[in-house]
Amino acid sequence: MEKFVRLISVAPFFLLLCLPFALAGHDYGQALSKSILFFEAQRSGYLPRDQRVTWRSNSGLNDGKASGVDLVGGYYDAGDNVKFGLPMAFTITMMSWSIIEYGKQLGSSGELGHAMKAVKWGSDYLIKAHPQPDVLYGEVGDGNTDHYCWQRPEDMTTDRRAYKIDPSNPGSDLAGETAAAMAAASIVFRRSNPSYANELLAHARQLFDFADKYRGKYDSSITVAQKYYRSVSGYNDELLWAAAWLYQATNNQYYLNYLGNNGDSMGGTGWGMTEFGWDVKYAGVQTLVAKFLMQGKANRHAPVFEKYQQKAEYFMCSCLGKGTRNVQKTPGGLIFRQRWNNMQFVTSASFLATVYSDYLVSAGRNLNCAAGNVAPSQLLAFAKSQVDYILGDNPRATSYMVGYGNNYPRQVHHRGSSIVSYKVDPTFVTCRGGYATWFSRKGSDPNLLTGAIVGGPDAYDNFADERDNYEQTEPATYNNAPLLGLLARLSGGHGGYNQLLPVVVPAPVENKPAPQPKITPAPQPKITPAPASASAPIAIVQKTTASWISKGKTYYRYSTIVTNKSVKELKDIKLSISKLYGPLWGLTKSGNSYAFPSWITSLPAGKSIEFVYIHSASAADVSVSSYTLA
């Protein structure tokens, strides 16, 4: 459980260097599996039959009952038994973003199903917590009474009062983050469970309207949250964050316009950040809007979106130590933001650096820093250095993921893992008796909290594995959530995926008064074989994936698939593209022709690459100028 952090727009930070003591490569796939497993240990409510963390049992089965609402389920945020709405929603948003960006890698690892179940466990609860359009329950339990006791969740005797926001007691930050979470989760389930995705979107729209119409900080309404999750940044960042996710989920221009029209007044284009987390969302908003810009979606808002992107790159450059103000680091190279649960900032910043690196690669451009142009690969290398530090490449050779490696925290500040399992010994553990018997024990936890990312070391890489050292040994769900995407990317590689390709979204019924863009029938998909022979070794297929009208002109987004149909490896290719009148992503310009993108050096037999371009005309003429087979 963490107290609040302070919002500092440009905190003085320092350059992150490569670790001189880096060890051999890590098993990112194993770490990914463990990081997802942690969420099962944090579950509240009736546990499912396929529960893999078997030392846990049902808990919190009367949550919400006194208020006449079913609030059973969801996640405990950290090492206690309170359900805090703001960090829980952020956790769901970041898990969903991980799946959206790296779902293919998660699928290849066999963990996509587990990751989606982790999201749904949280999103199911968020649906329950939103029983009316303008009512949202934002907390169950009270940190003060909960911290007075040391009990496993199955034995809780603490106050389980539920706290809500409504028009008379608003909370735009809480409602905004919850809207973002449900919008992001809807993308995750769009194909596998479309009716559930639509239900999530309906809640997300209502919550955004509620957050925007009734402005206020949630901790002024749910005052018991102030000591633990105070909204220091206010609510403007969450309103922009929610709009960005709703646009990504719906393609509704209303939300794009909201970002463009309010970017300056709400700080989206003004705040240069060196942190990203459950409270301060600006760097996340800026990263998403920069993605929209690179996708060619900005339209008339391009000047404003370019300012968002400048601030996104301010954040990225600060992480690399190449900006005007740079993040602080420990001597061992870890980002250091604060003593209490510093690791939350490490995983969140590393995730943003990873996705932005892939956006830049897909767009075929570099990062613009005060120290000069930086290759996208440096952002990925930075993120990898942070993950490697977490997994044990640090001065203490300590893994800060419980259960990974041989030297990891054994006395985690976590009620459930530190007390004998209810299934082993169901003897009731009293409120204060838990402190006397279990909290004060110097031995290892009886239950292994597999995959948990603890708070981590101090500014000098020092760490004390002691249960009462809550600043360093307490885990949190929002520490792990960004790690899903990070580890999937490091484990599965890039795979040649274009991170700027649009997600196909069915046109939902929108109850906003904003007019829908007029859709003009697009030109028919065009097949351009090269050369024009059924037995040609290189096949090119183009298709239209989207169209829209801006300032009276119709624009089309085209996806082009280039396939090696030969039985040999394609070592080199030169494509000729004529009648192209807009931006192109996914190829490298080479003189008057186009070659493989920077992340591909050859194309195996039977494999394909994809590139995309946008312009206001029929499909461009694409043909093969030359190629070399191995």
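Reader: Which backbone atom lies 3.0 Å from a polar atom of the side chain of Glu 474?

Author: The backbone nitrogen of Gly 79 does. A polar contact is a pair of N or O atoms within 3.5 Å; within protein, one must be able to donate a hydrogen and the other to accept it, and residues adjacent in sequence count only if both atoms are side-chain atoms. Before we go on, note that this is a predicted model, in which local features need pLDDT of at least 70 and side-chain atom pairs count only at pLDDT 80 or more, while totals for chains, interfaces and linings use all residues. Residues are numbered from 1 along each chain as its sequence is written, and side-chain values use heavy atoms, with hydrogens and water left out.

Reader: Where is Glu 474 found, and is Glu 474 buried or exposed?

Author: Buried means under 20% relative accessible area, exposed over 50%, and partly exposed in between (1.4 Å probe, protein chains only). Glu 474 has a relative accessible area of 4% and is therefore buried. Its place is the loop between α17 (470–473) and α18 (477–492); helices (H or I, at least four residues) and strands (E, at least two) are DSSP runs, numbered from the N terminus.

Reader: Which residues does the UniProt annotation "active site" cover?

Author: UniProt positions are given in the numbering used here, feature names are shortened, and annotations may be inferred rather than shown by experiment. The unreviewed UniProt entry places the "active site" annotation on His 413, Asp 465 and Glu 474. These residues span 62 residues in sequence, yet no two of their C-alpha atoms are more than 10.2 Å apart, so they gather at one spot.

Reader: What surrounds His 413?

Author: Contact means heavy atoms within 4.5 Å. Leaving aside neighbours within four places in sequence, His 413 is in contact with residues including Gly 79, Trp 150, Arg 467 and Glu 474. A polar atom of the His 413 side chain lies 2.7 Å from the backbone oxygen of Arg 467. His 413 sits in the loop between α14 (376–390) and α15, and its 9% relative accessibility makes it buried.

Reader: How does one read Arg 415 in the same way?

Author: Arg 415 belongs to helix α15 (residues 415–418) and counts as buried, at 2% relative accessibility. A polar atom of its side chain is 3.1 Å from the backbone oxygen of Cys 149. Not counting residues up to four places away in sequence, Arg 415 touches, among others, Gly 79, Asp 146, Trp 150 and Tyr 435.

Reader: In what order do the three strands of the open sheet lie?

Author: Strands of a sheet pair through backbone hydrogen bonds, either parallel or antiparallel. Two strands pair if DSSP finds at least two bridges between them. Here the order is β1-β2-β3, with antiparallel pairing. β1 (83–84) and β3 (162–165) are the edge strands, each pairing on one side only. Two bridges join β1 to β2 (residues 136–140), and Phe 84 has Glu 139 in β2 as its bridge partner.

Reader: How many bridges join β7 and β12?

Author: Eight bridges join them, in the antiparallel sense, with β12 covering residues 608–615. Ile 561 stands opposite Glu 610 in β12. Strand β7 (residues 553–564) is mostly covered, with nine of its twelve residues buried.
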